[in-house]
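Below is a brief report on one structure.

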Amino acid sequence: MTSRSTSVTIIRQSQTTAPMNSPMADPSTRRVFLSKAFELVTIMAECSGDFIASRFKNDVFPLVAKLLGNFAEDAMALDSRDDFPLYCNHLDGSDRHSGNSAQNTSINSCAFPRQASETELITSVLFCFAGVFQETACGRSIADLIPTLGTLVLPFLGDQDTGTWKACMAALRQMIQIDSDALWRPLVHLSGRPFPPRKPWEPSTESTTLEEVADDTSPISIRAMELVEFIDNQPEQPL
């Protein structure tokens, strides 16, 4: 499929250095161009099912991870939860309490306001994720990317731009319908809801209390709670 290869090639070439006299030398122009390319990838995923899955995993995803990762650090720096960045680093299931405080301090440094073209690009990438996972065949083919994508996407739940956090919600909802287990724990943590005890007859050992949950009204916590409730209402997924 020529258009499939073309859309991936466009994204890859846009990451290379453009000649100084080229319109693509302007960072804002490059971001707008990339945004349109990701819209094309979304359309291709919707039209071709899992046909584009391997190209997305091998060609698009590495570039997206690098691109979105830089913006994610800024988003985490703006979040009020001191342990949020460290927890996202351990989204793969490792101990979220491990590591040192220096990691939190460095990643929570001051972040600069985004340009409009940067916000447009982030939103386009998030909607691309939503479109790719909405196509069930394609989404299941790249389900192993969900833990890593969750690390990149979760920081934008608390974004100040309405379009960006709504795109983030859309992406996470589609991922949840493919593999809710991969996102349940980080979302519960962000929501402030106590984790259930490992043994039903024992009290919860988590440090979060009901009083803390009631007082936690930050945007990221409210949206995370909405997604946790969305998970609760999902039918049981096959192993």
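## A buried threonine

T119 lies in helix 6 (helices are DSSP runs of H or I, at least four residues, numbered from the N terminus). T119 counts as buried, at 15% relative accessibility (buried is under 20% relative accessible area, exposed over 50%, partly exposed in between; 1.4 Å probe, protein chains only). Leaving aside residues up to four places away in sequence, T119 touches R114, D161 and T164 (contact means heavy atoms within 4.5 Å).

This is a predicted model: local features need pLDDT of at least 70, side-chain atom pairs count only at pLDDT 80 or more, and totals for chains, interfaces and linings use all residues. Residues are numbered from 1 along each chain as its sequence is written, and side-chain values use heavy atoms, without hydrogens and water.

## Salt bridges

The count is seven salt bridges (a side-chain nitrogen of Lys or Arg within 4 Å of a carboxyl oxygen of Asp or Glu). One of them joins D159 and R114, at 2.8 Å from N to O. D159 sits in the loop between helix 8 and helix 9, R114 in the loop between helix 5 and helix 6, 45 residues apart. D159 is buried at 9%; R114 is partly exposed at 26%.

D144 pairs with K57, with the closest N and O atoms 3.1 Å apart. This pair links distant parts of the chain, 87 residues apart.

## Nonpolar core

The largest nonpolar core has 55 residues (buried Ala, Val, Leu, Ile, Met, Phe, Trp, Tyr and Cys joined through side-chain atoms within 4.5 Å). Elements giving two or more residues to this core include helix 2, helix 3 and helix 6. M175 is among the residues with the most contacts inside the core. Beyond four places in sequence, M175 touches residues including F129, F133 and L183.
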